[in-house]
Amino acid sequence: MAIPGQKELTALENFMEGVWKQNPIFVMVLGMCPTLAVTVSAVNALAMGVATTFVLVCSALLVSLMRRIVPKEVRIATYIVIIATFVTIVDYLIAAISLALYEALGAFIQLIVVNCIILGRAEAHASKHPPAWAASNALGMGIGFAVALFALGAVREILGAGKLFGIALFGPDFQPWVVMVLPPGGFFVLGMWLLLFNWLRTRSPAAGAMKPVEGHGHG
Amino acid sequence: MADASLGQIFLATVLANNFVLAMFLGLCPFLGVSGKLNTAAPMGAATTFVMLVASLCAYGLNWLVTAFGLEFLRLISYIVVIASAVQLVEMVLKKYSPALFRALGIYLPLITTNCAILGVALFQTAREYDLLQALVFALGAGVGFTLALVLMAGLRERLNLASVPNVVQGTALSLMLAGLLSLAFMGFAGLGMGE
């Protein structure tokens, strides 16, 4: 199905690309809005990560299957309609599974449509590769996104509320660092994570494969 | 919410619930285009305009899908209409102001994937604003976005002259700066919320 040759290795690399080397949040700095808005707690962050992964994989699969039928001129519009369809499905699914979660995430579930990671994958990868290839790459991206969201959500919940998954970690004397669950905290924690990655990169030249975070997000 | 006065809606959206700094909408152009003051302002203006158009379209569309009981099509129809509106703005700008068109570059088509635009449409639906309220809300969102963008651009221009450690440069620094700006905007919390 995929490219012949060192298939085993490249298939793994293809999958791992999104998880580590091109991590959508920490390396490419894409999809910032849901990242910062929903990561006030670890549960919200994970739910958002899973929802986004679902949309990412499904849309990559469909875009890849349709890559020979869709005319070049209307491809972006087609992708957006495909993505919006899957987001609508996720929206109704989450509302059916957990109303509390649905209310906590609010409009940000529907805003997955404009998460540029998804459109970016559809345009840059899925439209040029066979379905299995595209789906595994999208799955890697989704996992990378979910892990990063969880990293942010966990730090913010621990610092801002003294809890993880709603379980109190510290004694009753713990003073919550409230600013961490407020909007500024989102910027600070993400900035700190990026700092950590920058620092790791400058320390080990071997990791030079990761591109410097000079980029910016869009979407 | 639906009976909030127009002034309250405007103030709350511009300052207390600033789209960028308090609600995390439209961060991408915020981090991407805020490098220079002279591209930040036009970008803000273009986004505001698209927001107004999107708000108007979304109001009509919402009425339409509700009338026909097709609520599940709401999201899809919003995004398609917004994408077309952006295309229109792009063509107009290309014809009348090619210099600005070039300056905005890739960010212009990316207004489509600017969550602030879709955010306006979704929030006005969720809060059941009427047409006038929706338009004021969109204007407030646009002004708030422009304000955040211009402030950030000003700060970053100054920052270019400062000497910061290599590790901190780039996005990490911008995020810290945005955090501080956001902290400052927290001071407006509660403004425009009055009963």
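Me: Why is Ala135(A) called buried?

Reply: In this predicted model, Ala135(A) has a relative accessibility of 14%, and because the label applies under 20%, Ala135(A) counts as buried. The residue sits in helix 7 of chain A, which covers residues 131-161.

Me: Which residues away from its own stretch of sequence does Ala135(A) touch?

Reply: With neighbours within four places in sequence set aside, Ala135(A) is in contact with Val57(A) and Leu61(A). A related distance is that to Ser59(A), which is 76 residues away in sequence, while the two C-alpha atoms are 8.6 Å apart in space.

Me: What is the make-up of chain A, in which that helix lies?

Reply: Chain A has 8 helices and 2 strands, and along the sequence these elements follow the pattern α-α-α-α-α-α-α-β-β-α. Of its 219 residues, 51% are buried, and the chain exposes about 9,900 Å², of which carbon and sulfur atoms supply 71%. When contacts between residues at least 6 apart in sequence are considered, 73% of them join residues at least 24 apart.

Me: What makes helix 1 of chain B roughly parallel to helix 7 of chain B?

Reply: The axes of helix 1 (residues 6-16) and helix 7 (residues 131-159) of chain B come within 7 Å and cross at roughly 25 degrees. Because angles under 35 degrees count as roughly parallel, that crossing makes helix 1 of chain B roughly parallel to helix 7 of chain B. The contact of these two helices has 12 nonpolar, 4 polar and no charged residues, and helix 1 passes helix 7 in a right-handed crossing.

Me: Which residues meet where helix 1 and helix 7 of chain B are in contact?

Reply: From helix 1 of chain B, the residues are Leu6(B), Ile9(B), Phe10(B), Thr13(B), Val14(B) and Leu15(B), and among those that they meet in helix 7 are Leu132(B), Val136(B), Phe137(B), Gly140(B), Val143(B) and Leu147(B). Buried residues of helix 1 include Ile9(B), Thr13(B), Val14(B) and Leu15(B), and what covers the buried residues of this helix includes helix 7 and helix 8 of chain B.

Me: Why is helix 3 of chain B called roughly antiparallel to helix 7 of chain B?

Reply: The axes of helix 3 (residues 37-67) and helix 7 of chain B come within 8 Å and cross at roughly 165 degrees. Because angles over 145 degrees count as roughly antiparallel, helix 3 of chain B is roughly antiparallel to helix 7 of chain B. By class, their contact has 20 nonpolar, 7 polar and 1 charged residues, and the crossing is right-handed.

Me: How do you know whether Ala148(B) is buried or exposed?

Reply: Ala148(B) has 0% relative accessibility, and since buried means under 20%, Ala148(B) counts as buried. This residue is in helix 7 of chain B; beyond its neighbours within four places in sequence, Ala148(B) is in contact with Asn18(B), Val20(B), Leu21(B), Phe30(B) and Leu181(B). Of these, Phe30(B) is 118 residues away along the chain, with the C-alpha atoms separated by 7.8 Å.

Me: What makes Glu128(B) count as exposed?

Reply: Glu128(B) has 62% relative accessibility, and because exposed means over 50%, Glu128(B) counts as exposed. It lies in the loop between helix 6 (115-126) and helix 7 of chain B, and it has a positive phi of about 55 degrees although it is not a glycine.

Terms used: Residues are numbered from 1 along each chain as its sequence is written. Chains are lettered from A and ligands numbered from 1 in the order in which they are written. This is a predicted model: local features need pLDDT of at least 70, side-chain atom pairs count only at pLDDT 80 or more; totals for chains, interfaces and linings use all residues. Side-chain values use heavy atoms; hydrogens and water are left out. Axes are lines fitted to C-alpha atoms, for helices over the stretch in contact, and angles run from 0 to 180 degrees between N-to-C directions. Helices (H or I, at least four residues) and strands (E, at least two) are DSSP runs, numbered from the N terminus. Angles under 35 degrees count as roughly parallel, over 145 as roughly antiparallel, 65 to 115 as roughly perpendicular and the rest as oblique. A crossing is left-handed if the near helix is turned anticlockwise from the far one by less than a right angle, and right-handed if clockwise. Contact means heavy atoms within 4.5 Å. Ala, Val, Leu, Ile, Met, Phe, Trp, Tyr, Cys and Pro count as nonpolar, Asp, Glu, Lys and Arg as charged, and the others, Gly among them, as polar. Buried means under 20% relative accessible area, exposed over 50%, partly exposed in between (1.4 Å probe, protein chains only). Accessible areas come from the Shrake-Rupley method with a 1.4 Å probe; for residues, only the protein chains shown count as cover.
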